[in-house]
Every structure is written in structure tokens, then in C-alpha cells.
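Hi,

Have a look at it first, then read on.

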Amino acid sequence: METLDKIEMPRSVTEIPGNEDLTLLTAMMKKNDFFGFPAYVAKIDGKIVGIAVVQLGYYPAFAKVWCLEVAKHYQKMGIGRRIMEMVMKEHRAIKLVAKRDAFGFYEKMGFVFVNEPHPKSNVCYMVRVAKD
């Protein structure tokens, strides 16, 4: 089993990851949706296998996660959880849009629903505020 090298936070997303499994992120990067946004990147053997793109709020403690994606081959290894743990460590309050198949993942991480899932897209907003 391959082990995670590290999770790092580069200054901004400036290039398309060379991993064909990161389809959502690659499509969005090609449209320039995330250029310049901070990103938490997980690497194995120097290859990007997971990423969370965030938008910082008015205060450094607040952030919106625009995209959390782990390459198919590397899913179910705890990489997404470790990326989100780093995001949560850095930001006190986090907002994100979650797909129905990820609701359980985010609920386990302490996120709560802001609204009901949209009937057509099956997505909804979720938030988490750290308890001090």
C-alpha cells in the first residue's frame, strides 16, 4: 500500500495537476476557475493524488472549500480526511458545497447542513465552526 508523502499548502493553484484521475479539478482548471486560489495538496511519490481548493474569507479564520478531490486509485485511504483536517486546523469556520454521496463524509468531520439538497443537482451547503 502506498503511503502519503505529505500534505502541503502551496501559495496558489497555478498549474493543472498531471493526474488524469483528478477529472473535476482538471476540468475546472481548464476553465481558469481556480487559478490563484490557495490549495491543500496531497502527494504520493511526488504525484498529486488529492487536492482541496479554498477561497479565503474576509478573515483568515474563515474559508470556503470549492473543491475536494482524491484520485480514484487513492480513494478510501484517508487522504481526503487528512486534507480536510489540515483545512480545519487552519480555518475556524468552513463552508462548502457537498454532493449527496459525500454527505456522510462531511457529517463525520463535524459539518452540518445549511439547506436541503437541491432536488435536481443533489448538492447542498454544509458548514463547520470550530468549538473552542
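First, a convention: I call a residue buried when its relative accessible area is under 20%, exposed when it is over 50%, and partly exposed in between, using a 1.4 Å probe and protein chains only. This is a predicted model, so keep in mind that local features need pLDDT of at least 70 and side-chain atom pairs count only at pLDDT 80 or more, while totals for chains, interfaces and linings use all residues. Residues are numbered from 1 along each chain as its sequence is written, and side-chain values use heavy atoms, with hydrogens and water left out.

Overall picture

The chain has 3 helices and 7 strands; these are DSSP runs numbered from the N terminus, with helices being H or I of at least four residues and strands E of at least two. Reading from the N terminus, the order is β-α-β-β-β-α-β-α-β-β. There are 132 residues in the chain, and 37% of them count as buried. Taking a contact as heavy atoms within 4.5 Å, residues 24 or more positions apart make up 55% of the contacts with a separation of 6 or more. The exposed surface comes to about 8,200 Å², with 53% of it from carbon and sulfur atoms; areas are Shrake-Rupley with a 1.4 Å probe, and for residues only the protein chains shown count as cover.

Is K64 buried or exposed? With 14% relative accessibility, K64 counts as buried. K64 belongs to strand β4, residues 62-70. Beyond its neighbours within four places in sequence, K64 touches V53, V54, Q55, K95 and Y125. K64 also lies over the face of W66, 3.9 Å from the ring centre. The rule there is that NZ of Lys or CZ of Arg must be within 6 Å of the ring centre and within 35 degrees of the ring normal. K95 does something of this kind too: its charged end sits over the ring of Y125, 4.4 Å from the centre.

Helix α2

Helix α2 covers residues 79-90, and its end C-alpha atoms are 17 Å apart, which agrees with the 16 Å that its 12 residues should span. The expected span is 1.5 Å times one less than the number of residues. The buried residues in α2 include I79, G80, I83, M84, V87 and M88. An α-helix has 3.6 residues a turn, so residues three or four places apart point the same way.

How many salt bridges does the structure hold? There is 1, counting a side-chain nitrogen of Lys or Arg within 4 Å of a carboxyl oxygen of Asp or Glu. E85 and R81 form it, with their closest N and O atoms 3.0 Å apart. The two are 4 residues apart in α2, so about one helical turn separates them. E85 is partly exposed at 36% relative accessible area, and R81 is partly exposed at 38%.

Aromatic pairs

Rings of Phe, Tyr and Trp (its six-membered ring) pair if their centres lie within 6.5 Å; planes under 30 degrees apart are stacked, over 60 edge-to-face, and the rest tilted. By that rule there are 3 aromatic pairs. One of them is F105 with Y106, edge-to-face at 5.0 Å centre to centre and 75° between the planes. Another is Y106 with F111: their centres are 5.5 Å apart and their planes at 75°, so this pair is edge-to-face as well.

A few loop residues

K76 sits in the loop between β4 and α2, and at 86% relative accessibility it is exposed. The phi of K76 is near 70°, a positive value in a residue other than glycine.

R92 is in the loop between α2 and β5 (93-99) and is partly exposed at 35%. Its C-alpha atom is 5.8 Å from that of V129, 37 residues away along the chain.

D101 is in the loop between β5 and α3 (103-108), exposed at 72% relative accessible area. The C-alpha atoms of D101 and V123, 22 residues apart along the chain, are separated by 9.1 Å.

Cheers
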